[in-house]
Amino acid sequence: MKYMLLIQAGEVAENGEAAESDFGAWVAYDKAVKDAGIFVSGESLADLVTATMVRVSPDGERTVTDGPFAETREVLGGFYVIDVPDLDAALDWAARCPGALGSGSVVVRPVADFGV
Amino acid sequence: MRDERADGVASVEAVFREEHGRLLAALVRRFGDLDLAEEVTSEAIEAALARWPVDGVPPKPGAWLMTTARRRAVDRLRRDQALAARLAMLRVEAERAEPPPAQDADGGLPDERLQLFFTCAHPALAAEDRGALMLRCLAGLSTPEVARAFLVPPETMAKRITRAKKKIRAARIPFRVPGADELPGRLPGVLQVVYSIFTEGYVASSGPRLQRLDLAEEAIRLGRILRRLLPAEREVAGLLGLMLLVHARRDARSGPDGEVVLLDEQDRARWDRGMIAEGRDLVAVALTGGPPGPYGVQAAIAALHDESVSLDTTDWPQIVALYDVLLALVPSPIVALNRAVAVAMRDGPEAGLALLDELAGEPRLRGYHPYPAARADLLSRVGRFSEAAAAYRQALELAGTEPERAHLRRRLDAIED
């Protein structure tokens, strides 16, 4: 079963990067996920200052704005999609993720299955 | 005139409450789906209710129920190919996670309820739903019964249980017993759910006599099942012991009008000696063979109260020592409050008051009526009556249930005379 691990950075530094990040730990985690044979996909997102928001009104008008900036406390910093047998396994992988440390958190969402 | 048939049906239903959890757990293990298992469990029990009074109870009732339920499940899967495909897929995945269980050699039903305990108490479920689910799946209560027990409308409870079951299915919360390495992390969560069912019953049973299920007794039943399933876990013995030792005082803890009667005024002759003896044996188990856990220590404290003939002859030094141990295990201001009250009994009210004053700034005690109530009791014992009255009034404002308020009003009246 596929689960998405949404990696939320807690505190974001002035320059928009996650305040706490240990590059070595991320490299090790990424390797562990891939070695375990559960990796489906995953990306780390570029800094929030690079984000652009698009909205389309009911009459089709497109609004493009810079941001969103960190109005909310938690900012999506990246994700993994993993394929594991059950929620307990997914929670274990989420707990091992460096993004779960400190002020960060990892939200585990099952990927919807619309049947084969 | 007694309706004998209705009596018969009621007793058969009582037998099924015990079988229900076992059957459900075995079917969940087999089919990997709680909804399907529940459906065919009820169908098998309905079939038994219809057939057994006519045909007689079969020689192996458990096996009969299991066979009937399994047949219904197979029928259902034949009709519903999509469900069958999904469950087949689930089975493959489950076996990827752990090997299939060994078949029971003598063909009897292996007891699979432990995994269901862990599923119902899974931390990924909302805390308020865990107890409801446990009562539904393991105590065999119907949804309206669970609703009545928690004093919520049946539709609300049905929604909560449906939501919890949906999460179990859609997020695939597994039906499995955590491995030895995970057990220390997960077992306290299971015990917590059982104990919260117990305390919920304890608080609510002090209300006006309501026609409702006795949650404390349901919790004790769940505790007994867990004790059988995990005989080596000393905290399980501690929890069951604690519940029995507290529940032993049930008849003495409310007055004729339903008001709360605290330990110091209870008629100890009305305590249940059999239950106390059973609880005490469990305390011995809980405290032997390693460092004690919080339930074992709380049970030991309850046992010391239960064993003494009066408040004055209670072994307060020992109780304070146990609270010291408990406070180290569970550093909570509520434990500190209880410890302060025990210190007051050992060293006098002034000593207790000094400790209570140290706790004055605790955010978790703000709004917790036992705190001003304990202060009021100690203040009145040292003759500071106006301060005591103010503290009783503060407790009265915070107390949730009418019986608790009645008790506080009585104490307030006593010092104002």
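B:Arg172 is a buried residue in this predicted model: 23 other C-beta atoms lie within 10 Å, and the cut-off for counting as buried is 20 or more. As for where this arginine sits, B:Arg172 belongs to the loop of chain B that runs between α8 (154–170) and α9 (183–204).

Elsewhere in chain B, two helices pack together. Such a pair is described by the angle between the two axes and the distance between them. Here the partners are α11 (residues 234–247) and α13 (residues 294–307) of chain B, with an angle of about 30° and axes 8 Å apart. Angles under 35 degrees count as roughly parallel, and α11(B) and α13(B) are therefore roughly parallel to each other. The crossing of α11(B) past α13(B) is left-handed.

On the α11(B) side, the residues that meet the other helix include B:Gly238, B:Leu239, B:Gly241, B:Leu242 and B:Leu245. Across from them, α13(B) brings in residues including B:Tyr295, B:Ala299, B:Ala302 and B:Ala303. Sorted by type, the residues of this contact between α11(B) and α13(B) split into 8 nonpolar, 4 polar and 3 charged.

Chain A, for its part, is built from 2 helices and 6 strands. Going along the sequence, the order in chain A is β-α-β-β-β-β-α-β. Chain A has 116 residues, and 22% of them count as buried. Turning to its contacts between residues at least 6 apart in sequence, 75% of these in chain A join residues at least 24 apart.

Notes: Residues are numbered from 1 along each chain as its sequence is written. Chains are lettered from A and ligands numbered from 1 in the order in which they are written. This is a predicted model: local features need pLDDT of at least 70, side-chain atom pairs count only at pLDDT 80 or more; totals for chains, interfaces and linings use all residues. Helices (H or I, at least four residues) and strands (E, at least two) are DSSP runs, numbered from the N terminus. A residue is buried if 20 or more other C-beta atoms lie within 10 Å of its own, exposed if 12 or fewer, and partly exposed in between; C-beta atoms are placed from the backbone. Two residues are in contact if their C-beta atoms, placed from the backbone, lie within 7 Å. Axes are lines fitted to C-alpha atoms, for helices over the stretch in contact, and angles run from 0 to 180 degrees between N-to-C directions. Angles under 35 degrees count as roughly parallel, over 145 as roughly antiparallel, 65 to 115 as roughly perpendicular and the rest as oblique. A crossing is left-handed if the near helix is turned anticlockwise from the far one by less than a right angle, and right-handed if clockwise. Ala, Val, Leu, Ile, Met, Phe, Trp, Tyr, Cys and Pro count as nonpolar, Asp, Glu, Lys and Arg as charged, and the others, Gly among them, as polar.
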